[in-house]
Amino acid sequence: MPSEPLSQKEIEDRLRELPGWAFEDDRIFRTYRLGTHFAASALVAHIASVQEELNHHSDLTLGYNTVRLSVNSHDAGGVVTANDFALAERVESLAPAHGAS
Ligand SMILES: C[C@H](O)[C@H](O)[C@H]1CNC2=NC(N)=NC(=O)C2=N1
């Protein structure tokens, strides 16, 4: 079942609970910085496994020592839904163990 778009106010309220995340162009996004390229690669693999579990997938970009996620919901027409925040919250909870900031 497609998820429902969140209102601008809902997005702003939820973003307040997710420091480092921001909203632009109908997406929420964050960049994490890591100590090494290998650590950044491991974070990408961990995020990919969570995305499979949730069946919800970000645009996930690996840099030298950075990982950038950008996500919205295709099934809702390319806008932000609760599923995007569910993914963001899961990533926030696993990122510190990778030394991401
Ligand atoms: C068929 C399957 O449910 C869809 O392709 C899923 C997979 N991952 C997805 N990821 C994201 N970000 N948005 C979606 O709408 C979406 N849909």
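Tutor: Gladly! A residue is near a molecule if one of its heavy atoms lies within 4 Å of it. Do keep in mind that this is a predicted model.

Student: Which residues surround the ligand?
Tutor: Let's apply that 4 Å cut-off. The residues around the ligand are Asn55, His56, His57, Val71, Asn72, Ser73, His74 and Asp75.

Student: How many residues of that shell are polar?
Tutor: Let's sort the shell around the ligand by class. One residue is nonpolar and one is charged. The polar residues number six.

Student: What is the distance from a polar side-chain atom of His57 to a nitrogen atom of the ligand?
Tutor: Start with His56, where a polar side-chain atom lies 3.5 Å from a ligand nitrogen. On the oxygen side, a polar backbone atom of His74 is 3.0 Å from a ligand oxygen. For the polar side-chain atom of His57 and a ligand nitrogen, the distance is 2.8 Å.

Student: How much of the area that the ligand exposes alone does the protein bury?
Tutor: Taken alone, the ligand exposes 400 Å². Of that area, the protein buries 63%.

Student: Is Gln51 buried or exposed?
Tutor: Gln51 sits in helix α2, which spans residues 37-54. Its relative accessibility is 4%, and the cut-off for burial is under 20%. Gln51 therefore counts as buried.

Student: With which side chain does the side chain of Gln51 make a polar contact?
Tutor: Beyond four places in sequence, Gln51 is in contact with several residues, among them His56, His57 and Leu87. The polar contact between side chains, at 2.6 Å, is with Ser58.

Methods
Residues numbered from 1 in each chain as written. Predicted model: local features only at pLDDT ≥ 70, side-chain atom pairs only at ≥ 80, totals over all residues. Heavy atoms only, no water. Helix = DSSP H or I, 4+ residues; strand = E, 2+ residues; numbered from the N terminus. Buried < 20%, exposed > 50% of the residue type's maximum accessible area, 1.4 Å probe, protein only. Polar contact = N/O pair within 3.5 Å; in protein donor to acceptor, adjacent residues only side chain to side chain. Contact = heavy atoms within 4.5 Å. Areas by Shrake-Rupley, 256 points an atom, 1.4 Å probe, with all protein chains shown as cover. Nonpolar A, V, L, I, M, F, W, Y, C, P; charged D, E, K, R; others polar.
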